[in-house]
Amino acid sequence: MEDSEIIQLYFARNETAIEETSKKYRNYCNRIAHNILTNVEDSEECVNDTFLGAWEAIPPKTPAKLSSFLGRITRNIALNKYDYYMAKKRNNKFDTILDELNDCLSSPDNVESQYEEEQIAESISNFLLKINEDHRNIFLRRYWYSDSLADIATRFSISESKTKSILFRTRKKLQLHLMKEGYIL
Amino acid sequence: MNNKDLFKTIGYVDGNLVEKANTARRTNKKTIVKWGTMAACAALVLGVAIYTSPLKPSLTNSPQISQQTPVSAPTGDRKILNYNGFRYAFVSDGAQFKFTGVKLEKSLGSLDFDINQEIGKNDGDKDVEKNYASTFAVGGKLYEIPTYPSQFRIAVKYEENYYLAEIVAKTDDSTMTAKEYLDMSNLKDHSKNIHVLNHVGNDVLKKMTDHASVESIIDGLYSAKTADLSNKEYEAIAEAQSQGKSYQLKFNLKDGTYMAMYIIPELRVVSMGDAYYHLPDTFFDQSGELFSGLKQEVLPLY
């Protein structure tokens, strides 16, 4: 079913909307959740919550891209659950991803941001549009989809060390870009 | 803001970029860069020669693939080969091609099996899907074309002549999505302009040369959905073809070759390789005037 048709079902408050969403996007969301939570049951629960979240959000929201809209909800829910689930069993892999992002911040423990996240996200999008396409996709695979370095290396037919170095340089460039744009994060 | 906030914020980046990254693989550009670097190295080695004749174009020419012999009449078996799980059709029904500015160095094996003979055997049918089986140029050697690292197109060398083969399907006939096809062909990077022709392809009806519009048409094709056609729909396509409602959508590529699809605007279907795909109405809304007011003479069916 086309995304636009699925969204229409949400607007009509027709519960098959969730069924159709699940058919089309369960695997997609599951992978995103699993990359963060690394546990099948937790991920499934997270994805179910995602679909519920979509049901509550549409309407009033009309997602331009249903895939990234659902992916974003999944990430946010997974991130919230992450602290709770991981109190004892830390996911080192995801911790590494978060640690890497410190490179883009001026201080890892910065106080409340004075900026709207949409504003910063727009600036990050502009940055990503300007850089090499492969570097952009590698960045998004790592920090949007939370892919492991090994998965990214395989996907782009490069070595893990090359993946690391591309990510490092891109993070540093992003930090510079955000500073130039006036965002001191 | 801490790293978790930043991670969340990244969640709000442009959905189009996120979607592209979802299926992204290494782009072609890398290879071009690599070739560029190799050309630069060659330039260093040949520094003096280049210096004395700086305008010599041989090293700066973009790779070209040119057809050397006319398209033969489509008689007999279709000229196809199997490689790496894909069925390839010989471009222009087995015409010979010349590769300029492209080195065919990476061997991909040779065509060891003759599908025609395999079919004749009692248990031959199983070999129709076999890699390195072919209906044409059996014994020929396969080479990767550096400008097609995805191997959407490969070269076949047979009796000192070169042929070009292009993916049309998977050998097990499993579904190939429009996205897979378009990504593998890297149509967006390769395309120079688009022509709309009559179905048989001898009359150009419309041209689209503006780069942004060409890109937008190709982007639109990504929205095509695999069509699991019923017999009725096949009949409708055949009828549309016989009534002059099917057009050739020809993508002229930077390397001098082209890729052709067939499109039937009235039925909202387009062919890519051997498969048909449904196009959403929005594709036609966004394609401007490209498909409006088209007319062609209905040709007699043979």
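Which side chains of chain A and chain B meet in a salt bridge? They are those of A:Lys65 and B:Glu19, with 3.7 Å from N to O. The structure discussed here is a predicted model.

## Contact between chain B and chain A

The salt bridge between A:Lys65 and B:Glu19 is the one salt bridge counted between chain B and chain A. Polar contacts between these chains involve 14 residue pairs, with both residues at pLDDT 80 or more. On the side of chain B that touches chain A, the elements giving two or more residues are α1 (3-10), α2 (15-22) and α3 (29-45) of chain B. Of these, α2(B) supplies the largest share, eight residues. Sorted by class, this side of chain B has ten nonpolar, nine polar and ten charged residues.

The size of an interface is often given as the accessible area lost when the parts come together. For chain B and chain A, about 3,900 Å² is buried between them, and carbon and sulfur atoms make up 61% of that area. Within chain B, the residues that lose the most area to chain A are B:Met1, B:Phe7 and B:Tyr12, which together give 22% of what that side buries. Counted by residues, the contact draws 53 from chain A and 29 from chain B.

A:Ser68 belongs to helix α4 of chain A, which covers residues 66-85. Why does A:Ser68 count as buried? Its relative accessibility is 4%, and the cut-off for buried is under 20%.

Apart from neighbours within four places in sequence, A:Ser68 is in contact with A:Tyr28 and A:Trp144 of chain A, and with B:Gly15 and B:Val18 of chain B.

## Chain B as a whole

Chain B contains ten helices and 17 strands. It has 302 residues, of which 43% count as buried. Among contacts in chain B with a separation of 6 or more, 66% are between residues 24 or more positions apart.

## The seven-stranded sheet of chain B

Seven strands of chain B form an open sheet with antiparallel pairing, in the order β12-β11-β14-β15-β16-β17-β13. Strands β12 and β13 (225-226) of chain B are at the edges; each has a single partner strand, so one side of each has no neighbour in the sheet.

Strand β11 of chain B, residues 191-198, is mostly covered, with seven of its eight residues buried. It pairs with β14 (residues 247-253) of chain B over seven bridges in the antiparallel sense. One position in this pairing is B:His195, whose bridge partner in β14(B) is B:Lys250. β11(B) also pairs with β12 (residues 204-208) of chain B, again antiparallel, over four bridges. Here B:Val196 has B:Lys206 of β12(B) as its bridge partner.

## The hairpin of β11(B) and β12(B)

How many residues lie between β11(B) and β12(B) in the hairpin they form? There are five residues between them, and B:Gly201 in the turn has a positive phi of about 85 degrees.

Methods: Residues are numbered from 1 along each chain as its sequence is written. Chains are lettered from A and ligands numbered from 1 in the order in which they are written. This is a predicted model: local features need pLDDT of at least 70, side-chain atom pairs count only at pLDDT 80 or more; totals for chains, interfaces and linings use all residues. Side-chain values use heavy atoms; hydrogens and water are left out. Contact means heavy atoms within 4.5 Å. Buried area is the accessible area (1.4 Å probe) that two parts lose on being put together, summed over both. A salt bridge is a side-chain nitrogen of Lys or Arg within 4 Å of a carboxyl oxygen of Asp or Glu. A polar contact is a pair of N or O atoms within 3.5 Å; within protein, one must be able to donate a hydrogen and the other to accept it, and residues adjacent in sequence count only if both atoms are side-chain atoms. Ala, Val, Leu, Ile, Met, Phe, Trp, Tyr, Cys and Pro count as nonpolar, Asp, Glu, Lys and Arg as charged, and the others, Gly among them, as polar. Buried means under 20% relative accessible area, exposed over 50%, partly exposed in between (1.4 Å probe, protein chains only). Two strands pair if DSSP finds at least two bridges between them.
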